[in-house]
Amino acid sequence: MKAIKQLFDNNRSWAQSIKTSDPDFFEKLANQQSPEYLWIGCSDSRVPANQIIGLLPGEVFVHRNVANMVVHTDFNCLSVLQYAVDVLKVKYVLVVGHYGCGGVRAAFENGDNGLIDNWLRNVKDVQFRYQSELAALDDDDARVDRLCELNVVSQVANVCHTTIVQNAWARGQKLSVHGWCYSLRDGLLRDLECAVFGPDQISDAYRIG
Ligand code: CO
């Protein structure tokens, strides 16, 4: 239980340090949140949203799952996206993968990991789509890292294909979707330059209206 008690000790000193620098901080936040960003990232403990982009509580809405997936029928992720876009009216959706992602690697390696392999089938779909590009790389480490990037690009597209994002654009709401990849080695984010700013960047097959 010592490990758990430590967390409460940490929490008290964290709350106290925030109050020391801004006495009204928690009171202001308790009344409302108005984040401009939705972060969709990996559950990996080394990729914490707020710390990486230097934002305080209240400044980024967060959804994390294994391998930062946006699956068309995942009501957990879709509910977060809908609340963020329709109610909080975030201006930016950030899909953030990371190099050396264990989920992406597990999908790539074809092992037997139980139930989670069904979730990772969505990464496999990305691997299958880009198999010739991946085959041309030097080794499996390079292939996994490239698959981490390609997975982000694919999930950015999935965000844009939702009715949620397309309806927001249709009613004139300003919203862009960005794809980034984080390096565990140096703590830096890389912009994959696959940002989408409106429906004209979406394939006709997926476009609503
Ligand atoms: Co990961």
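Which residues are linked in a network of salt bridges? The model is predicted: local features require pLDDT of at least 70, side-chain atom pairs count only at pLDDT 80 or more, and totals for chains, interfaces and linings use all residues. Residues are numbered from 1 along each chain as its sequence is written, and side-chain values use heavy atoms, with hydrogens and water left out.

**View 1. The salt-bridge network of Glu133, Arg146, Glu149 and Arg190.** These residues are linked by salt bridges, each defined as a side-chain nitrogen of Lys or Arg within 4 Å of a carboxyl oxygen of Asp or Glu. Between arginine 146 and glutamate 149, the closest N and O atoms are 2.6 Å apart. Because they are three residues apart in helix 8, about one helical turn separates the two; helices (H or I, at least four residues) and strands (E, at least two) are DSSP runs, numbered from the N terminus. Arginine 146 is partly exposed at 26% relative accessibility, whereas glutamate 149 is buried at 8%. Buried denotes under 20% relative accessible area, exposed over 50%, and partly exposed in between (1.4 Å probe, protein chains only).

**View 2. Salt bridges of aspartate 9 and arginine 46.** Within helix 1, aspartate 9 and lysine 5 lie four residues apart, about one turn of the helix, and their side chains form a salt bridge (2.9 Å, N to O). Aspartate 9 is partly exposed, with a relative accessible area of 26%. Arginine 46 pairs with aspartate 44 in a salt bridge (2.7 Å, N to O); arginine 46 is partly exposed at 45% relative accessibility, and aspartate 44 is buried at 15%. The whole structure contains 13 salt bridges.

View 3. Histidine 98 and cysteine 101 are both buried.

**View 4. Aspartate 22 in the loop between helix 1 and helix 2 (25–31).** Aspartate 22 is partly exposed, at 23% relative accessibility. Its C-alpha atom is separated by 30 Å from that of lysine 2, 20 residues apart along the chain.
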